[in-house]
Amino acid sequence: MAEVHAVKDADTIKLVSHLLQVRYGQQMADIWNVGINLALRISDLLSIRFDDIKDDRLTLKESKTGHTANIQLNPKAKTIIERIKEDHPDHLYLFQSYRTTQIKHRAPKPLSRRAVSKAFEAVGKELKLPLGTHSMRKTRGYHLYHATKDITRVMRMLRHRSEAVTLRYIGLTQEQVDKDFRELVL
């Protein structure tokens with residue numbers, strides 16, 4: 001699997017959303033927009049059930065770590081989630097596959113990770129960006145770090161155990177080293 005990166009430019013974040021909507025539909029754009037606001041791994045994002053959301057809070061058990069993520073929804077994520085629920089009141093999953101709803105005798109399932117990966121990768125190729133499902137999580141971490149300069153806050157948000165992992169994850173290590181070489185002139 002190719003390494004993907006954070007989207008570092010706010011206009012590009014909007015462009016990715018727009019292209020996903022135009023090329024793959026509103027559901028794919030919603031995954032991107034909710035994903036960058038929740039910073040969850042794709043498997044956890046796709047597994048969200050409407051009953052995991054109470055008022056403005058999402059609570060779910062992360063599949064990779066087994067830890068409970070308790071996330072307050074920001075206004076953008078909350079608005080998108082409310083619209084999806086209004087449009088699909090019978091859905092169990094936030095990002096439910098439409099294929100399983102078309103087959104009457106099948107249990108509902110979330111959209112597949114593979115479908116999302118293919119859409120994100122295609123839009124990434126179009127924009128010449130290494131884009132994938134992990135880009136949502138990395139993008140949120142990158143922008144939080146740049147807004148606060150507080151790696152501990154980013155670590156907590158991503159639920160990482162070490163600063164080194166978080167720095168590497170959001171793509172700051174080499175960028176910071178390069179900046180230090182450029183700016184520190186002796």
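This is a predicted model: local features need pLDDT of at least 70, side-chain atom pairs count only at pLDDT 80 or more; totals for chains, interfaces and linings use all residues.
Let me start with a lysine and a ring: K85 lies over the face of F50, at 4.6 Å from the ring centre, where a charge is taken to sit over a ring if NZ of Lys or CZ of Arg is within 6 Å of the ring centre and within 35 degrees of the ring normal. K138 is placed over the face of Y169 in turn, at 5.3 Å from the ring centre.

Residues are numbered from 1 along each chain as its sequence is written, and side-chain values use heavy atoms, with hydrogens and water left out.

Now to the aromatic pair, of which the structure holds 1. The ring centres of W32 and F120 are 5.6 Å apart and the planes stand at 75°, so the pair is edge-to-face; rings of Phe, Tyr and Trp (its six-membered ring) pair if their centres lie within 6.5 Å, and planes under 30 degrees apart count as stacked, over 60 as edge-to-face and the rest as tilted.

W32 has 0% relative accessibility and therefore counts as buried, as does F120, also at 0%, given that buried means under 20% relative accessible area, exposed over 50%, and partly exposed in between (1.4 Å probe, protein chains only).

Finally, I31 is in contact (heavy atoms within 4.5 Å) with residues including L45, F95, F120 and M136, once its neighbours within four places in sequence are left aside.
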